[in-house]
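This report describes a predicted model.

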Amino acid sequence: MDKITAAMADMLEDELLALTDKYLADGKDPKAILDAYQAGMTEVGKRYEAGEYFVSELILAGEMMTAGSDKIKPFLKGDSSSGPAKARVLIATVEGDIHDIGKNIAGTIMELAGYEVKNLGEDVKTSVIIEEVKNFKPKLIGLSGLLTLAYDPMKAVVDQLKEAGLRDSVKVLLGGSQIDEHILKYVGADVFANDAMTNVTYLNSLV
Amino acid sequence: MTTWQEKRQARFDKWLNPDIPFTSPQTKADYQGRVGRLIDAIELKKNPDRVPIYPNYTYFPAYALGTTPKAVMSDVKLATEIWEKFIKEYGFDAFGIIGIVAPIPVMQALDYKLYQWPGTGGVPDDSIYRYFEHDWLEAAKEYDDLTLDPTDWWMRQYIPRFCGVLKGFTQLPNFTEFMELPNLAGFLAPFGLPEVQASLKKLMEVGSLTLEWMGSVGAMIGKLICDGYPPSAGGFAKAPFDTLSDTLRSMKTAMLDLRRNGDRMLAAMETLTPLAIKMAIEAIDKSGNPLVFMPLHKGADGFMSQAQFEKFYWPQLKKVFEGIIEAGGVPVPFAEGGYSQRMEYLNELPKGSVAWMIDRTDMAELKKKVGHNCCLIGNVPSSILHAGTPADVEVYVKKLMDDVAPGGGFMLATGTVTDDGRPEMIKAMIQSGLKYGKY
């Protein structure tokens, strides 16, 4: 199984999928194969954190994980989950903005770190976010946006959380390369992040 | 042999002395004062009289004067009135025109699929346009088609995909086959096809519509120059990797291609690099303004590893810079986002040859590391402009002037492209620039 983990960690896509086919055909334990994939993903996360891997590796790792899981899943019997999540996180790009890359990377990194992430997508209306906070009960909401047009919708989310009496139940994180302490204060959020690792560090401090 | 410095001096002379009837001796002096200020900041030979204030906005003039992007994108008369009024009221040393060269009637008539604009696809009337990222280059093997014959790929594959009414172009013949008798009939016959003819007719209609719009924009630009105001740039180019990754492929696919189809990308960029230079030079020849605006994207911090940057981004971008510089033009790259990991590369170009627009990179540190070599433009953050007070803006501008203005080679600008915004904050930036920017 080390070969699977190494192929994932080293971005050897063809080798990884060929090995997966071979192991499954040989009757090896599918759960062990999936665990090896996850160990590979953890290594990818570490290399990203270390500044060795960047966006292309995270995206390719995600693609490899999906392709591998599709092969493995039919062989799995019963529960394949790897234990309960540490906490729930809701992420969305706010109304008026459609940038998704940063938000999605942040989501992937938080999932790799053991959190359950619900991604509401882009140009998400404030009312939808508030509804999801009620239903999904996240520990953290990550609001993303790159445009100056995103600042006021971010503020609207925090204001409406207050109105709905939900503000104390959830932490609010702002993400995007244009976010800084001025916008943090303006919006009334708890923390901001310009990179995907800050989210995880912050989440780990909460749980 | 003429050196790049000599070619550039000739372009600067032409830029300073356009063949245009100035409204008055005063407006001529104003125009030459503004252009001269920009040139002094770029060249790093001497301090200008004061720090120039450079524009970096899309639809801010529309918002500032109480209308919407949709309104100015729909009505060229309104658009040119708003722009002229804004430019004369605000006092930047040059003006940007991106907001008035995206006409909704033209985009509609073309069934233009690259963008969504106010009133389409859920974009509100008071919002700006949205770029629609997509894998227009549909399969990796098309990199090879593009590399072999970019115009053919553009015309018969790419254009029919993003312009709904030009779908008939897929049935066009290959133009390099049109030569001797054996190919004569084979080349011409497709032009008789109803789908091809429909597309050609539609293209002529859209052309007329656009010419009318651009006639008004051109007249406005001419009038503003006569009245003393220079446009902020005369040409446009992109980093070859950005053409692959924001123009032809979605970000996600381009990032996967880095790993899966790297050699194909490199070959395609070999083809695209001289084309980027050609596009820039043709535009500055025509406009008489030697500045080439180059918005940069995937080379910023965080997207690529240093190794990827050195293989897929910088060598090709550097060639575009060198090609523009060699022809006497001035690349004005916009390092949107952060460039902290890329600072050292800015010193690889000749002194005074490139003027960098800076967004989220530490200006004081940049000044220390590259300020002796290139002009820096920036970087009042959108966060302060949005959430701060005019006094906050003044504090930020004063610090910029202390850190970056000494020794010349600095222009004041917003760090982010200003889409919407608070008029009093942009005015505070300009007033602070005038107050603290004197040499």
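Leaving out residues up to four places away in sequence, B:W356 touches B:P333, B:A335, B:L346, B:C374, B:C375, B:L376 and B:I377.

## Chain B overall

Chain B contains 18 helices and eight strands. Its C-alpha atoms fill a box of roughly 70 × 50 × 50 Å along the principal axes. A compact globule of 439 residues would have a radius of gyration near 22 Å, and chain B agrees with this because its own value is 22 Å.

Of the 439 residues of chain B, 46% count as buried. Among contacts in chain B with a separation of 6 or more, 72% are between residues 24 or more positions apart.

## Helix α15 of chain B

Helix α15 of chain B spans residues 363–370, and its buried residues are B:L366, B:K367 and B:V370. These residues lie on the same side of α15(B), because they cover an arc of only 105 degrees around the axis.

What do the buried residues of α15(B) pack against? Their partners in chain B are β6 (355–358), β7 (375–380) and α17 (390–404).

## Contact between chains A and B

The contact between the chains takes 23 residues from chain A and 28 residues from chain B. On the side of chain A that touches chain B, the elements giving two or more residues are α4 (55–72) and α8 (181–187) of chain A. The most comes from α4(A), with five residues. By class, this side of chain A has 12 nonpolar, six polar and five charged residues.

## Domains of chain A

The domain assignment divides chain A into domain 1 (2–75) and domain 2 (88–206). Their C-alpha centres lie 29 Å apart. Domain 1 gives eight residues to the contact between them and domain 2 gives five residues.

On the domain 1 side of this contact, α3 (30–49) and α4 of chain A are the elements that give two or more residues. The largest share, five residues, comes from α3(A). The residues on this side divide into four nonpolar, three polar and one charged.

Notes. Residues are numbered from 1 along each chain as its sequence is written. Chains are lettered from A and ligands numbered from 1 in the order in which they are written. This is a predicted model: local features need pLDDT of at least 70, side-chain atom pairs count only at pLDDT 80 or more; totals for chains, interfaces and linings use all residues. A residue is buried if 20 or more other C-beta atoms lie within 10 Å of its own, exposed if 12 or fewer, and partly exposed in between; C-beta atoms are placed from the backbone. Helices (H or I, at least four residues) and strands (E, at least two) are DSSP runs, numbered from the N terminus. The arc is that of the directions from the helix axis to the C-beta atoms. Two residues are in contact if their C-beta atoms, placed from the backbone, lie within 7 Å. The radius of gyration is taken over C-alpha atoms; the globule rule is 2.2 Å times the number of residues to the power 0.38. Ala, Val, Leu, Ile, Met, Phe, Trp, Tyr, Cys and Pro count as nonpolar, Asp, Glu, Lys and Arg as charged, and the others, Gly among them, as polar. Domain bounds come from an automatic or database domain assignment.
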